[in-house]
Amino acid sequence: MSDAHLTDRSVDGSHEPVELSEEPIQLSTRDTGGDPDERSAGWSRRRKIGWAVALVVGLAGAGVLGVGGWRVAQQKDTQLTSPDRVAGLTRDDSERAKSTADYLRSGLAANIELDRSFGTVYRDPADDKRSVLIFGGTTLLWQPERDLDSLFRLMSDETGSVNGLRESQAGDLGGVMKCGSTSGEGGDFAVCGWADHGSVVMAMFPGRSVTDAGGLMRNLRSEMQTRG
């Protein structure tokens with residue numbers, strides 16, 4: 001069959017020719033998202049909210065760092081002294097007391113690198129069996145509580161476990177203070193320690209309850225510790 005009848009067919013002049021463009025043809029009748037200006041405004045609001053959240057988080061983080069930095073700066077320059085008399089106690093300068101205090105000081109310094117360390121025995125004039133052994137030192141501590149806990153673990157290795165360890169009021173000088181009890185040759189005795197960003201100190205209190213030892217420790221600290 002010939003196809004000549006198709007090619008010879010004239011174009012109807014009543015219809016305009018279809019013009020093709022390079023723009024894509026939209027086949028769907030669904031809404032594409034609204035007016036472009038509205039979409040832009042929506043994204044702008046989301047960006048603003050995102051920036052606001054990031055700013056709040058950033059300021060909160062800066063606040064934490066600021067408070068922490070201020071605390072380190074306030075506490076890092078610490079001095080410790082061993083007065084002749086402190087908190088109603090008298091320093092024991094006998095050779096036996098000095099030897100005991102030096103042993104404790106050396107044990108502490110071997111586990112925490114200190115700029116300066118000390119060890120002292122204080123006698124209770126009312127009862128020689130209630131002498132206080134106190135030792136510690138000064139240095140910059142970034143995590144005082146961690147270092148204090150390390151000393152309590154050391155104490156547990158030396159004397160047996162420290163029982164009932166709990167946080168106690170540190171007083172006006174801040175930092176952290178903890179107390180508990182352990183056993184020795186003379187029976188149970190209280191153990192307390194404090195630490196801040198400039199110092200770490202421990203003390204043993206034979207013949208005293210944990211509560212009494214905590215109060216005496218705060219008094220000792222208030223008279224032995226100063227900041228430059």
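## Strand pairing

Gly-119 stands opposite Phe-135 of β5 in this predicted model, where local features need pLDDT of at least 70, side-chain atom pairs count only at pLDDT 80 or more, and totals for chains, interfaces and linings use all residues. Residues are numbered from 1 along each chain as its sequence is written, and side-chain values use heavy atoms, with hydrogens and water left out. Strands β4 (residues 116-123) and β5 (residues 132-138) run antiparallel and are joined by seven bridges; strands are DSSP runs of E of at least two residues, and helices runs of H or I of at least four, numbered from the N terminus.

## The sheet

Eight strands make up an open antiparallel sheet in the order β2-β3-β4-β5-β9-β8-β7-β6, two strands being paired if DSSP finds at least two bridges between them. Because β2 (85-86) and β6 (163-168) stand at the edges with a single partner strand each, one side of each is left without a neighbour in the sheet.

## Largest pocket

Among the 22 residues that line the largest pocket, the closest to its centre are Arg-96, Thr-100, Ser-131, Leu-133 and Pro-206; a pocket is an open set of points on a 1 Å grid over the protein atoms alone, where a 1.4 Å probe fits, with protein on both sides within 12 Å along at least five of seven lines, and lining residues have an atom within 4 Å of a point. Helix α3 gives the most to this lining, with five residues, while α3 (95-111), β4, β8 and β9 each supply at least two.

## Confidence

The protein averages a pLDDT (the predictor's confidence in each residue, from 0 to 100) of 78, and 68% of the residues score at least 70.
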